[in-house]
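Please read this report with the structure open beside it.

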Amino acid sequence: MANYPVAVFLQFAVAKIGCVSIPFNYRMLAEEIKYVLSQSDTNCLITMDVFGNINYIEVLSKIIPEVFQGRQAKSLPALRNIVVFSPQGKKYPETIDYNELLAMGNAVTDAELIKVTQAVKDPDAIVNILYTSGTTGKPKGVMISHDMLWRKAYCSLLGRAIEEGRRILLSLPVYHIFALVEGVLAVTFVGGAIIMQVSWSPKEALEFIDEYRANDILCVPTMGLDLLNQLEGGNYDLTSLRAMYCAGAPAPVTLWERLIKELGLEYLNTGYGMTETTSAPVQSPYDATVEQIASRVGVVIPGGAAGLSEFGGKCFEYKTVDPISGKDLPPGAEGELACRGNTVTIGYYNKPEETAEVLGKDGWLRSGDIGIIHDDGYLELTGRSKEIYRVGGENVAPKEIEEEISKHPKVSQAYIVGVPDERLGEVGMAFVVLKKNEQCSEKEIIQYCSGRVARFKVPKYVRFVRSEELPKTTTGKIQKFKLQEMGKS
């Protein structure tokens, strides 16, 4: 489901009757859809029929053709019903029309509804299973409870000083934990509103801010840049806009400065988190400087009434551990970030091995991110633990080298993975995308790295690729495990 209001209504309706929502990324391809339907044991699929250039009915007809013939799908034995939301009012055989589903509700008495909703009493019951995007393998279903969602939304509300009646422009998809928690749920505490954009358009976003007097917007840095570019030559009244929550990727100081100045922001913040932590436990405080926003991902947000004494009155605490041994590191040391708290997931649905791999018996979640917790409480991200490879016994984090190669005047993008080597165990291979009409040699890239990074960090191999050849998830993240497979061939 794209960002139709229906997507929000369904989240609340499903939760209210004690069922579990499994929001799908609508950019998923056929095999991914089939995998998630099967792995999640989905009973009822509610889907839009067409969006953009994708016809979901055609996709589903290829995956489970027997359902549209009134028969049970052998490959998906748990699936019982398909409900279709069609903005154009189209209907499809052997499915339930969304409007007809609503009409069925008229036959349910108030007494029956009260009985069902009153039976939903356990705040720790799982209400959402959200699938990760699969940068290191097949997507995993993160189990989220009622309590985790509301507690995290409340903490975010405090950390961002969200005032009564705030209106948030929601351009990010509500199937994602970021939009759901930081947007939809956060404003419910203050009688606020969300202004939903079905799909991203910077022109429409600026028009919505103007027309509906939005006070805040959730976005990622590329969307922020889109807004700045769209401002040129436009005439928009943005006087209502006071805040922006921009997260999901690093950005230079210049971008943050432009966003504050050109959009007239009083508060610009970034953040850091995972689906497994029910969105971002770490956010920029209200008094963060532009330099801190650009170089750090924030501090652990306040807990208020939702916090616990064991976490210092907050809902979370962080530490760093050795990415290989898992042993605790001293304060200020660079290592893998680990987190525990009362909004950390209990695990992945039907994946006990994967759960045990990231969630220890002591409740500390291994994030997979390499970082530093500074003395002032700010967290700095420096890489990914699963991307670390060892050259002759030395750990190498690709991010540093990728950033250096990306500074080369001919380079557009660079990604590095470790590949097997007989003598050193592993060595680096750089996948490089050049700027348009540029030519470059493998030797030139290697020489460029020499002198800029330690000798053992200089990639041994360089492979030039086109941007469209890079393996990506449906949300555009680079799948490095697939780059490793490409590097071995």
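Two residues are said to be in contact when heavy atoms of theirs lie within 4.5 Å. The model described here is a predicted one, and this should be kept in mind throughout.

With that definition in hand, one can begin with Glu182, which is found in helix 7, the helix formed by residues 177–185. Is Glu182 buried or exposed? Its relative accessible area is 0%, and because buried means under 20%, Glu182 counts as buried. Leaving aside neighbours within four places in sequence, Glu182 is in contact with Lys152, Ser156, Arg160, Ile168, Ile177, Leu218, Tyr245, Ser279, Ala280 and Gln283. With one of these residues, Ser279, the side chain of Glu182 also makes a polar contact of 2.7 Å.

The largest nonpolar core has 89 residues, and the members that touch the most other members are Met48, Met244, Leu259 and Leu263. Helix 7 gives this core its largest share, which amounts to seven residues. If residues up to four places away in sequence are not counted, Leu263 touches Leu228, Leu231, Leu238, Leu241, Met244 and Arg258. Another core lies apart from the largest one and has 24 residues, including Ile22, Ile63, Ile64 and Tyr131.

Helix 2 spans residues 30–39, and its buried residues are Ile33, Tyr35, Val36, Leu37 and Gln39. Among the elements that cover these buried residues are strand 1 (44–48), helix 3 (56–63) and strand 6 (126–131). Just after helix 2 comes Asp41, whose phi is positive, at about 60 degrees.

Aromatic rings form a further theme, for the structure holds twelve aromatic pairs. Tyr26 lies in the loop between helix 1 (5–16) and helix 2, whereas Phe51 lies in strand 2 (residues 50–51), so the pair ties together parts that are 25 residues apart in sequence. Both Tyr26 and Phe51 are buried.

| Charged end | Ring | Distance from the ring centre |
|---|---|---|
| Lys140 | Tyr348 | 5.3 Å |
| Arg452 | Tyr448 | 3.7 Å |

Definitions and conventions: Residues are numbered from 1 along each chain as its sequence is written. This is a predicted model: local features need pLDDT of at least 70, side-chain atom pairs count only at pLDDT 80 or more; totals for chains, interfaces and linings use all residues. Side-chain values use heavy atoms; hydrogens and water are left out. Buried means under 20% relative accessible area, exposed over 50%, partly exposed in between (1.4 Å probe, protein chains only). Helices (H or I, at least four residues) and strands (E, at least two) are DSSP runs, numbered from the N terminus. A polar contact is a pair of N or O atoms within 3.5 Å; within protein, one must be able to donate a hydrogen and the other to accept it, and residues adjacent in sequence count only if both atoms are side-chain atoms. A nonpolar core is a set of buried Ala, Val, Leu, Ile, Met, Phe, Trp, Tyr and Cys residues joined through side-chain atoms within 4.5 Å. Rings of Phe, Tyr and Trp (its six-membered ring) pair if their centres lie within 6.5 Å; planes under 30 degrees apart count as stacked, over 60 as edge-to-face and the rest as tilted. A charge sits over a ring if NZ of Lys or CZ of Arg is within 6 Å of the ring centre and within 35 degrees of the ring normal.
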